[in-house]
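Hello,

Here is the structure I promised to pass on. Have a look at it first, and then read my notes below.

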Amino acid sequence: MKVFISVDIEGITGVVHGDMMTSDAREYDRGRRLMTGDANAAVEGAIRAGALHVLVADGHGPMRNLLVEELHEAAHVVVGTGDARDHCQLEGADSATFDAALFVGYHAMAKTAKAIHPHTIAGIAVHELRLNGRPHGETGLNAAILASLGIPTVLVTGDETTCAEARSFLGETIQTVAVKQARGRNAAICRPPAATRPEITAAAERALGSIGDVPRYEPGDQPGAPFRIEVDFLTMQQCERAVRTAGIERVGPVTIAVAPAAPWEQYRLLWAGLRSALYEPASWLA
Ligand SMILES: [Zn+2]
């Protein structure tokens, strides 16, 4: 069995504030250590379930957060800047024939209440992302893209609200571990790693022991068919920059649509368009 693990930071045990999420912030080293700990707990569960290959993809901000010197010895890790990746948080998912995916440390979609740092891919640019007309966050979008590669997503960890979002998209049979209960954007009732990590390990082992119980998330008409992916940006400037990318079409003042293609290619186009939107020109060019 081969397992792909996508890791973000907002839904990690004990992380509630930007001071643990951004590389120039005071508590960032603690945040990345906690992130590595939750990731390792999932790797351990995968190994106990019989995984022979585990690829962990660092999928937050600078995408160089996980501490490789503290990473579980059985794992490989995808690490490196978003600008050097075609497939953002899912980089490497096509590098082997993975049997299942686990999402660790995930967060709720943009505009969700009672969630730690809810956003969709890029909080400073994306107001709403829709897949076939329904607003999606990273959990639903990434699960749909992975499903198009034949990979079911069988575990999601994060705050309680994120776990509920996962069940509403991926079905009630998905395993979830709520490591905290958000009281607001920057506050949560947390449990310590000594409590959550064994739970993550057990849930990963359970999920991978019954992969067939969780249907792949296939929201389209037929598996592998192109999705209708649209993004509403926060500003017109972001929209105008995004549409300079091939495969990105403007369909409204602040709205783009991704050209129809295989979903894996659509995810690449989406990420290219978002990178263009986020591009900050020198002040004399802007
Ligand atoms: Zn993140």
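**What I found**

Before going on, please keep in mind that the model is predicted: local features need pLDDT of at least 70, side-chain atom pairs count only at pLDDT 80 or more, and totals for chains, interfaces and linings use all residues. Residue numbers start from 1 along each chain as its sequence is written. Helices (H or I, at least four residues) and strands (E, at least two) are DSSP runs, numbered from the N terminus.

Staying with α3, its buried residues (20 or more other C-beta atoms within 10 Å of their own, with C-beta atoms placed from the backbone) are T161, T162, C163, E165, A166, F169 and L170. Their cover includes α2, β4 (100–106), β7 (153–159) and β8 (175–184).

How do α2 and α3 meet? The axes of α2 (residues 138–148) and α3 (residues 160–170) come within 9 Å and cross at roughly 40 degrees; axes are lines fitted to C-alpha atoms, for helices over the stretch in contact, and angles run from 0 to 180 degrees between N-to-C directions. That angle makes α2 oblique to α3 (under 35 degrees counts as roughly parallel, over 145 as roughly antiparallel, 65 to 115 as roughly perpendicular, and the rest as oblique). From α2, the contact (C-beta atoms within 7 Å, placed from the backbone) uses T139, G140 and A143, and from α3 it uses T162, E165, A166, F169 and L170.

Of its 88 residues, V3, I5, A42, V56 and L102 touch the most other members. Its largest share, eight residues, comes from α1. Leaving aside neighbours within four places in sequence, V3 is in contact with A46, A51, V54, F98, D99, A100, L102 and L208.

Finally, look at I229 in strand β10 (residues 229–233). I229 is buried, with 25 other C-beta atoms within 10 Å. Not counting residues up to four places away in sequence, I229 touches L131, A257, V258, Q266 and L270.

Best wishes

Conventions: Contact = placed C-beta atoms within 7 Å. Core = buried A, V, L, I, M, F, W, Y, C linked by C-beta atoms within 7 Å. Buried ≥ 20, exposed ≤ 12 C-beta atoms within 10 Å, placed from the backbone.
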